[in-house]
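Visitor: I have a model open and want to learn how to read it. Can you take me through it feature by feature?

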Amino acid sequence: MTPRAVYRHITHTIRHAPEGGITYEAFCTAPDCGAESGPRDEQEAAQDWALRHTGRTGHDLFRRVFTDHAKVTRAE
């Protein structure tokens, strides 16, 4: 008797997990700068950092990163 594998395809969903929170960061993209806000719990804190950085340096282009946590659950 030859062993067989049985595969079952099960649908899952992925959603934002509020208990994980959201982290906001801003990164200056000016050449040779490398400044960054660091992770912040509030979007306004990362934005305020970028505004202050622009005021001090004149750099005006930033990459913004929003990180959340997601939970995968089995759809039934």
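Guide: Start with the helix. The buried residues of α1 pack against β2 and β3. Buried means under 20% relative accessible area, exposed over 50%, partly exposed in between, with a 1.4 Å probe and protein chains only. Contact means heavy atoms within 4.5 Å. Helices (H or I, at least four residues) and strands (E, at least two) are DSSP runs, numbered from the N terminus. This is a predicted model: local features need pLDDT of at least 70, side-chain atom pairs count only at pLDDT 80 or more, and totals for chains, interfaces and linings use all residues. Residues are numbered from 1 along each chain as its sequence is written, and side-chain values use heavy atoms, leaving out hydrogens and water.

Visitor: Which residues of α1 are buried?

Guide: An α-helix has 3.6 residues a turn, so residues three or four places apart point the same way. Here Ala-46, Trp-49, Ala-50 and His-53 are buried. They lie on the same side of α1 because they cover an arc of only 95° around the axis, taken from the directions from the helix axis to the C-beta atoms. The face turned away from that buried side carries exposed Leu-51 and Gly-55.

Visitor: What follows α1?

Guide: Gly-58, with a positive phi near 85°.

Visitor: How many aromatic pairs does the structure hold?

Guide: Rings of Phe, Tyr and Trp (its six-membered ring) pair if their centres lie within 6.5 Å; planes under 30 degrees apart count as stacked, over 60 as edge-to-face and the rest as tilted. The structure holds 2 such pairs. Tyr-24 and Phe-66 are edge-to-face, 5.5 Å centre to centre with 85° between the planes. Tyr-24 is buried at 15%; Phe-66 is partly exposed at 44%. Trp-49 and Phe-62 are also edge-to-face, at 5.8 Å and 80°. That pair links helix α1 (residues 43-57) to β3. Both Trp-49 and Phe-62 are buried.

Visitor: How many disulfides does a search find?

Guide: A disulfide is a covalent bond between the sulfur atoms of two cysteines. The cut-off is a pair of cysteine sulfur atoms within 2.5 Å. The search of the whole structure finds 0.
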